[in-house]
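Thank you all for coming; I would like to walk you slowly through one structure this morning. Please keep the picture in view while I talk, and we will go from the whole chain to single helices.

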Amino acid sequence: MLTMTGVGHDFGSGPVLEGIDLRLEPGQVLAIVGRSGCGKTTLLQIASGLIAPTRGRVENRFRRLAYVFQEPRLLPWRTAWQNIAFGLKAAGASAGEQRRVASALIERLGLSGAADRYPHELSGGMRQRVALGRALAIEPDLLLLDEPFGALDPGLRADMQRLLLDLLAERQVAALFVTHDLTEAVRMGDALIALSPAPGRIIARVPLGRTPRTDADAYVHRTVAAIWPQVSAAYPD
Amino acid sequence: MKRSAGLVWGLLGIGLSLAAWHLIALQYPPWAVPSPADVARELARLVREGVLFAAVGVTTVRTLAGFGLAVLLGGVSGLVAGLLPPLRQALAPVVTAIQGVPPVALIIVALLWFDANSSAPVFTITVAVLPIIFAAALEGTRAVDRGLVEMATVFRTPRRMLVTDVYLPHLLSYLFPALVSGLGLAWKVALLAELMAGSRTGMGAGLGMARVNLNVAGMFAWIAVVVILLLAMEHLLLRPLKRRLEPWQRGREGGGG
C-alpha cells in the first residue's frame, strides 16, 4: 500500500504540488490526470523516492517498484533482451536467470525475433515494449507509469493499453498511471484523480469500473461524458 | 559503393602528391631533395641491414607504454572528475596548465630525471597525452544522458554497474577521437624525445644518425616509417577495436540510421 498525506513540493520557484492525499491499494490502478505542467511527473518521482517532498508524508509498503518513463530510456549499447534484464542484473540475478526471465517477457510482449537487436534497430512501439519488459522483469508489485504511450500513434497506443491492462491483471500489480489524456485514464484506471493546473491540487476523485473487453470504446466514451462535469476544472479552456 | 569511391580518390591524392614530390626532386641535387625512389631505396637498405625493425620495435614499445599509461591515468581521473564536481573544478586548471607546457620542455626535464634510453620518452609521452584523454573522459562523463542515470537509479543499480554499464560504454564513443589524436601525438613525442635525448636505440636514434651523416633520403625514410606506423595503428588496431567494442554503433555510422 502507498499512502501520501498532505504532500506538497517546491523546487525553489514556487509550489508545484499542494496538499496531495492519496492511497493506493495492492493490485489497484490509479490514473492521475491533469494538464501538462501540473506536477504529475513530480508526484511520480515522489512516489518512487527519487525526490523527497518538501511537505507531507509518504509511506510505501510495496515490496518493489518499477518505473516506465515517457521515453523508453534504453541503453543504446545493450540489445533488447539485455535491456529487459537490466533491473535483474542490478539486483544481482545470475546470467541464466536474466536470460530466462527476459526470454519469457519477449515472448509475452510480442517481441519474438527482436531479442538480439539494438534499440536503434527497433520501432518506437517496440522500444516502449522493451521498456515495459524491463519494468516487469523485476516482478514489481507497484508500477509507476509516466505517460508511457504519449509518443505512440493512436493505433499502437490502443494495442499497448490493452497489453498493459492484461499484464497488470495477470500479475496483480498496482499502478500509478499518469496521463493528460482523460480517455486513456478511464480505460486504464480503477479510479481516477484529477489535478488542477499548477500548483497541482486534487480537484476530483472518481471511482471507475474495470474496462470491459467487449465494446471498450463505447464504455470509455460513455464514462468520459458522465464524469466530465467533475473533472473539467482540470482542463480550463 | 561510397567507401570504394573514397578509396579511389584517396589513392589518387597520394599518387598526385608522390608525382609532385618527384617533379620537385628533379629540380634539386639528390643529396638535398631525394626523390620518392631514393627514399624507397633507402628504406629497402634499412630493412636489409635489419636496423629498421629493431628500431620500430623499440619505439613502438615506448610509445604504447607511454600512451597506455596516459589512457589509464587520464581516463580514470577524467571519469572520476566528471562524477565529482569539486574534483573537476580543482583539476581543470591543473590540467590546462600541463597542457600549456610544450613537449620540448617536458623532454628537457625528463632527461634530468629519467634514463634517456628508456623511461624519459615514456614519461614525456604520458605527460603530453594525458590532458587530451582526461579532457575527453571528463566531457564524456558529463555528457551522459541524465535520463539513463535516473532510470538506473530507479532500478537501484549498484555504483559499480552504473560505471560499467552506463558510463563506460557512453565514454568509449567520446574517447575514441581522443585516442586517435593522442596516439598520433604519442608517436611524434616519442621521436622527438629519442632524438633530443640522444637515445642509442629507436627510430629517433635512426633519424639522428641520418642527420649526422647528412643523409636526407635516410631522414625521409624514417619519417615515412612513422607515418605508415601511425596509419597502421589507427586502421589495424584502433578502428577494429572500436568495431569490436561498439557493435551497437554498426549501421549508425554514416548517414543512415
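Predicted model: local features only at pLDDT ≥ 70, side-chain atom pairs only at ≥ 80, totals over all residues.

Let me begin with chain B, where, among contacts between residues at least 6 apart in sequence, 74% join residues at least 24 apart; two residues are in contact if their C-beta atoms, placed from the backbone, lie within 7 Å. Residues are numbered from 1 along each chain as its sequence is written, and chains are lettered from A and ligands numbered from 1 in the order in which they are written.

Chain B has 10 helices and zero strands, where helices (H or I, at least four residues) and strands (E, at least two) are DSSP runs numbered from the N terminus. Its C-alpha trace spans about 70 × 55 × 30 Å along the principal axes. Of its 257 residues, 33% count as buried, and here a residue is buried if 20 or more other C-beta atoms lie within 10 Å of its own, exposed if 12 or fewer, and partly exposed in between, with C-beta atoms placed from the backbone.

Now to the place where the chains meet: 18 residues of chain B are in contact with 15 residues of chain A. On the chain B side, helix 7 (146-154) and helix 8 (159-197) each supply at least two residues, and helix 7 of chain B gives the most, with six. By class, that side of chain B has nine nonpolar, four polar and five charged residues; Ala, Val, Leu, Ile, Met, Phe, Trp, Tyr, Cys and Pro count as nonpolar, Asp, Glu, Lys and Arg as charged, and the others, Gly among them, as polar.

Turning to chain A, we find it divided into domain 1 (2-63 + 141-234) and domain 2 (75-139), with bounds that come from an automatic or database domain assignment. Their C-alpha centres lie 25 Å apart, and nine residues of domain 1 of chain A are in contact with six residues of domain 2 of chain A. Which helix gives the most to the domain 1 side? That is helix 6 (residues 154-171) of chain A, with four residues, and by class this side of domain 1 has nine nonpolar, no polar and no charged residues.

Let us stay with helix 6 of chain A, in which A:Q161, A:L164 and A:L168 are buried. Seen down the axis, the buried residues fall within an arc of 70°, so they line one face of the helix; the arc is that of the directions from the helix axis to the C-beta atoms. The face turned away from the buried side carries the exposed residues A:G155, A:D166, A:A169 and A:E170. Just after helix 6 of chain A, A:Q172 takes a positive phi of about 55°.

Finally, in helix 4 (residues 95-108) of chain A, the buried residues are A:Q98, A:V101, A:A102, A:L105 and A:I106. They cover an arc of only 135° around the axis, which puts them on the same side of helix 4 of chain A, while on the other side A:G96 and A:E107 are exposed.

Terms used
Expected span 1.5 Å × (residues − 1).
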